Amino acid sequence: MAVTMSDVAKLAGVSVKTVSNVVNDYPYIREGTRARVLDSIQKLGYQLNTTARGLRTGRTGLIGLAVPELKLPYFAELADSVIAEAEQVGLTVLIEQTNSDREREIAVLRDPRRRLVDGLIFSPLALGQDDRHLLEVDFPLVVLGERIFAAAADHVTMQNVDAARAATEHLLGLGRRRIAMVGGHRGERIGSAALREAGYAEALEAAGIGVDPGLIGESGLWHRETGAAAIATMLDSGTVPDAVFALNDALAIGVLRELLSRGIRVPQDVAVIGFDDVEDARFAYPSLSSVSPGRAQIARSAVGLLHRRIVERTAPAEHETITAEFEVVPRESTLGLPARPA
């Protein structure tokens, strides 16, 4: 027979009402009582009827996370962080992959199935500034990224320009002067590529070095293979940089592979730095210098904002924008391999 709320109450030594308050995340419960009820739920294997709870409370305890693609380590690690933060406030995350497709991104906002969740964390890539009216929705929404600003939604973003400038300054501080950039999107005016290219250009200009178009490696999707292809095209044209700033770590790992396959030493001949500081950066060889854009803070802020809107159940007078802190993380791809003991 299925375990009931009464069974949980009996084992925990509390009333059924107390069990109901715990599973519905009622805030005014003593921590000892909450822990005892949760322990009893785990021991008995009690399964909450989310449909019934949704009818009573108007909440399902589920939130959505829509990201472009989980193939990219950044979004996979972001999803992991969001899930961990959501668990802390009693929420379960349903993940949807949009593949950066405009129609799929619009469907995330309009699909009737969205009613299965209490709110949505949304990272668009195909939608842009002209689409901000699409974010005028009647449910809690937090937007991530740099495609849409000043929309009718809470927004969590990163310091793309400043972080890219700091990455480029790191290379300049090592004495590098022919610094290539890999991952550019020709004609883009807003978005991660445009903002990071702006930071790259600012650092070069501040150092009295003009931007050389021959040192800009264009790419579409920011994958390992496109990073390798971009630096290969540059080298085959006779353009040889002494450093590379790749706009994400996947591109940078592709650059590393292509350079090393040609016998070009990293960092002696060409220093390389990426962006995102994904786990792969620490395990690349040489380990990859990168910019940590504050992924943990982004996840924590997004879940915190969304949870607050869900609990408040009213539209905020003003929407919030939170910008995460970044850090340049130098590793072997710019600093060199540690000396071997004699």
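**View 1. Four-stranded open sheet of the predicted model.** The strand order is β7-β6-β8-β9, and the pairing is parallel. β7 (216-218) and β9 (271-273) stand at the edges; each has a single partner strand, so one side of each is left without a neighbour in the sheet. From one strand to the next, the twist averages 20°.

**View 2. Pairing of β6 with β7.** Strand β6 (residues 179-184) runs parallel to β7, and three bridges connect the two. At G184, the residue standing opposite in β7 is E218.

**View 3. Helices α7 and α8 on the four-stranded sheet.** Helix α7 (residues 160-173) packs on the sheet and touches β6, β8 (243-246) and β9. The direction of α7 makes about 165° with that of β8. Helix α8 (residues 192-206) also packs on this sheet, with contacts to β6, β7 and β8. Between the directions of α8 and β6 the angle is about 170°.

**View 4. Six-stranded open sheet.** Here the order is β2-β1-β3-β4-β5-β11, again with parallel pairing. The edge strands, β2 (92-97) and β11 (321-324), each pair on one side only. Neighbouring strands of this sheet are turned by 20° against each other on average, direction ignored.

**View 5. Pairing of β1 with β2.** Six bridges join strand β1 (residues 62-67) to β2 in the parallel sense. L65 has I95 of β2 as its bridge partner.

**View 6. Helices α5 and α12 on the six-stranded sheet.** Helix α5 (residues 73-88) lies across β1, β2, β3 (120-122), β4 (141-144) and β5 (154-158). Relative to β2, α5 runs at about 160°. Helix α12 (residues 295-312) packs on the sheet as well, where it touches β1, β3, β4, β5 and β11. The direction of α12 makes about 175° with that of β5.

**View 7. Largest nonpolar core and the surroundings of V272.** This core has 70 residues. Those with the most contacts inside it are I121, F245, L259 and V272. Not counting residues up to four places away in sequence, V272 touches V244, A252, V255, L256, L259, V266, L288, S289, S333 and T334.

**View 8. A separate nonpolar core.** Another core, of 15 residues, lies apart from the largest one. Among its members are L109, L120, L127 and L134. In soluble globular proteins, nonpolar side chains tend to be buried together.

Terms used. Residues are numbered from 1 along each chain as its sequence is written. This is a predicted model: local features need pLDDT of at least 70, side-chain atom pairs count only at pLDDT 80 or more; totals for chains, interfaces and linings use all residues. Side-chain values use heavy atoms; hydrogens and water are left out. Two strands pair if DSSP finds at least two bridges between them. Axes are lines fitted to C-alpha atoms, for helices over the stretch in contact, and angles run from 0 to 180 degrees between N-to-C directions. Contact means heavy atoms within 4.5 Å. A nonpolar core is a set of buried Ala, Val, Leu, Ile, Met, Phe, Trp, Tyr and Cys residues joined through side-chain atoms within 4.5 Å. Buried means under 20% relative accessible area, exposed over 50%, partly exposed in between (1.4 Å probe, protein chains only).
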